[in-house]
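Trainee: Hey, could you walk me through this model? I'd like to know how to read it.

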Amino acid sequence: MLNFAPTEEQEEIRNLAQSLASEQLRPRARDAEKRGDISPELMQTLAQTGLTTPFPEAYGGSGPIEALTYTFIAEELGFGDGGLAMNIIGSLMGPLTVALAGDEHQQKHYIPQFCDQHQGYLQRGSLAFAERSGGYNLADIHTTLRLQGEHCLINGTKRDVIHGQQSNLRVVLARVEGTTGPDGLRAVVVPTSLKGLSIKSDELKLGLAAAPSAVFIFEHASVSGTYVLGKPGNGGAIRAATLYQLLRAGVACGMARAALEYARDYARGRYAFGRPIASYQGIAFIVAEMAMKLDAARLLLWRAAQSWDQAENGHEGYHTYVREAEVAQYQAVKIAKSATLDAIQILGGAGFLQDHPVEMWARNAAAME
Amino acid sequence: MIDFTLSKSQQANRDYAHQVALEEMRPISLQCDQTEEIPESFFWNMQKRFWAGAAGQARAQAREENEPGQGSLLTVLSQEEMAWGDAGLSTAIPGPGLAAPPILSNGTPEQQMKFLGPYMDGQLHWGALALTEPGIGSDVAGMSTTAVLDGDEWVINGHKHYITNGARADLVITFATVDKKLGREGILPFVVPKGTPGLIVGRIEQKMGLRASQTAELIFENCRIPKENLLSGREQSKKAGFKAAMGTLDATRPMVGALAVGIARAAYEASCEWIHEELPKGYPAQKRREMEAELEEIRQELEMARFLVWRAAWMLDRRIPNSKEASMSKAYAGGLVMKATAAAVRITAPGENSERKLFIHKWFRDAKVFDIFEGTAQIQRLVIARRLFPEVDIP
């Protein structure tokens, strides 16, 4: 039955994430951009909230949560700072993929280190998704996995892999050679030193500099079959890839909301010709348009997240939720890009300066592609 | 909990409306548009379908499923389907129509019974809402129609136009000012029954689209109605009347948005069908891919528009203030329907003249007014902006 109200529990989690975003992420955003990473202190603070350890309690995690709830958290983090949000989520996707796709043995092996109360907060994970052939859609994944007896050969190139360089758990999305469509997708853990894999850090990035990333080049890299997560056809790779899309969409909505609110506040206080610029329709309508399109994209995201959650309960196959997640991601990134650029426009010359965060936000949004 | 799935009664309501659209509207759509006339049989069929059978059943099922207060949601679900059938015809379905929201929001229980009761008698009745005046659209506060109390009667004088079903309505809810100096506080809603001396039907407009829908001019010349036909409001605030006018718009904008979504969907579907069935041989593959990409974008926007409409209606049912969300739904859907119908015209232009093209051309003509009535695209943005900047005066 149609309903647009979050549950009380979701509201509580959202409030927690929001205060974290406003108090911890937003003030540290510029520093993180310059440093090119999150600070260990902030990682520790985050770990204490339990928001970054949604793993089974048996492994020391705070327990799995629904995708819908996770999109709330992602939006708040993105509202705080898109770069830090992608840093956090990029790391999370490593162990999350193991939780979604891996068998019990693999989960036991890889996940507990991320839940360790003392050292776990310094661990990084990573999920290699996008390639030279496109963006963050399942159909863009062309890195191949050739099954050869007990081993598999990986070939292909991955770009913008967040934490690709320093990750303790590298997971790669690849396709079984010769397959088309989502059924052929697999998630593979990459051993620490692997012959045939070269990793090169990205430098001088346009945006999302707070989320360090790298390029992976696989040339006949051979790994044992035990590194492939889960049983063939368990759909885990699809689950993980689409959850990443949903979280990226959540971050994008948060980026757009940050831009909307920042531009709104600025337009209230900035006077021109004796009136706040918000009182001019030429400005006010831009803000109205931003708000309208953001709401539209967010509703699309919520629906996609609901479908993802329902599919887990066996309600439907993956075709629906894959399509919905990709559409939600596309529309959310679209509004993030336009809202952040519009925010610069509303701030005028001030928006072009680094005194305000909007120029960084516009670069971050553009780097979501 | 956030949920985008329809309940059984919501789905049943939507399915039923779709069936009506398919069986009763599409077959006569082009003819009614060309002649600007609707066959009497259509009215009777609609009367039977909506006032005797299904509507009552849907209400009963909603009670059974313990789903109280979902009137607006059920309305927008069926409005989208009917506009998919024919938006012009859907405005002509017998019932109180736009007269209902102000009676429900501003009438006493006795007034609601008195004015809405007769609509249940199995006969053909309509209602209308007279708000717009020549020179006064969304600037409701500047209204010049007057109401003066003379003993036990109100005397109404003024000129209203663009009134849907104005000439056939049994009741016209007329907004008029009791004192121009009071501005918006002086505006109150009155119930003027058909046949009241001094209520004169002026011209019936000829329009670009929605031609099956009757748009009338009404003139009030010393039109006298009983004192108790003032919808005095359950709340005795001074601004009750103005609030009723604005509250009406908060209720009707999501419905207009739903109609726009229905037309946009019809145009989208026809465009897809044309590409599959009629694309001329040798049509460049690159151009086809471009069209398909454009239609995919429209499909996504259709979903977003629909969700904005659903949310605004859901808020209305829960009595959550929804001015901003209602305007968002109307503005977004109004823009989309223009985009979708214009795309359909362009995409199918190389094709042979067929019934499909006639429909598409009709929908294009129908679409434009969705960027205009119930507040233009610009007014919607103004409403949204005023909610985003409550402390800033945006003239």
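Trainee: Which domains is chain B divided into?
Mentor: Chain B has domain 1 (8-95), domain 2 (103-235) and domain 3 (241-388). Those bounds come from an automatic or database domain assignment. Keep in mind that this is a predicted model: local features need pLDDT of at least 70, side-chain atom pairs count only at pLDDT 80 or more, and totals for chains, interfaces and linings use all residues. Residues are numbered from 1 along each chain as its sequence is written, and chains are lettered from A and ligands numbered from 1 in the order in which they are written.

Trainee: How many Å separate the centres of domain 2 and domain 3 of chain B?
Mentor: Taken over C-alpha atoms, those centres are 29 Å apart. The contact between them takes 18 residues from domain 2 of chain B and 13 residues from domain 3 of chain B. Two residues are in contact if their C-beta atoms, placed from the backbone, lie within 7 Å.

Trainee: Which elements give two or more residues to the domain 2 side?
Mentor: On the side of domain 2 of chain B that touches domain 3 of chain B, they are α4 (100-106) and β5 (187-193) of chain B. The largest share, three residues, comes from β5(B). Helices (H or I, at least four residues) and strands (E, at least two) are DSSP runs, numbered from the N terminus.

Trainee: And how many helices and strands are in chain B?
Mentor: Chain B has ten helices and seven strands.

Trainee: Why does the radius of gyration of chain B agree with a compact globule?
Mentor: Because a compact globule with 395 residues would have a radius of gyration near 21 Å, and chain B has 21 Å. That radius is taken over C-alpha atoms, and the globule rule is 2.2 Å times the number of residues to the power 0.38. Along its principal axes, the C-alpha trace of chain B spans about 80 × 50 × 45 Å.

Trainee: OK, switching topic. How many residues of chain B are in contact with chain A?
Mentor: 30 residues of chain B are in contact with 31 residues of chain A. On the chain B side, α7 (285-317), α8 (323-348) and α10 (377-388) each supply at least two residues.

Trainee: Now chain A. Is strand β5 of chain A mostly covered or mostly open?
Mentor: Mostly covered: six of the six residues in β5 (residues 185-190) of chain A are buried. A residue is buried if 20 or more other C-beta atoms lie within 10 Å of its own, exposed if 12 or fewer, and partly exposed in between, with C-beta atoms placed from the backbone. A:Leu185, A:Ala187 and A:Val189 lie on one side, and A:Arg186, A:Val188 and A:Val190 on the other.

Trainee: What joins β4 of chain A to β5(A)?
Mentor: Six bridges join β4 (residues 169-176) of chain A to β5(A), and the two run antiparallel. Two strands pair if DSSP finds at least two bridges between them. One example is A:Leu173, whose bridge partner in β5(A) is A:Ala187.

Trainee: Which residues touch the most other members of the largest nonpolar core?
Mentor: A:Val188 and A:Val287, in a core of 211 residues. A nonpolar core is a set of buried Ala, Val, Leu, Ile, Met, Phe, Trp, Tyr and Cys residues joined through C-beta atoms within 7 Å. Helix α7 (residues 236-269) of chain A gives the largest share of this core, 21 residues.
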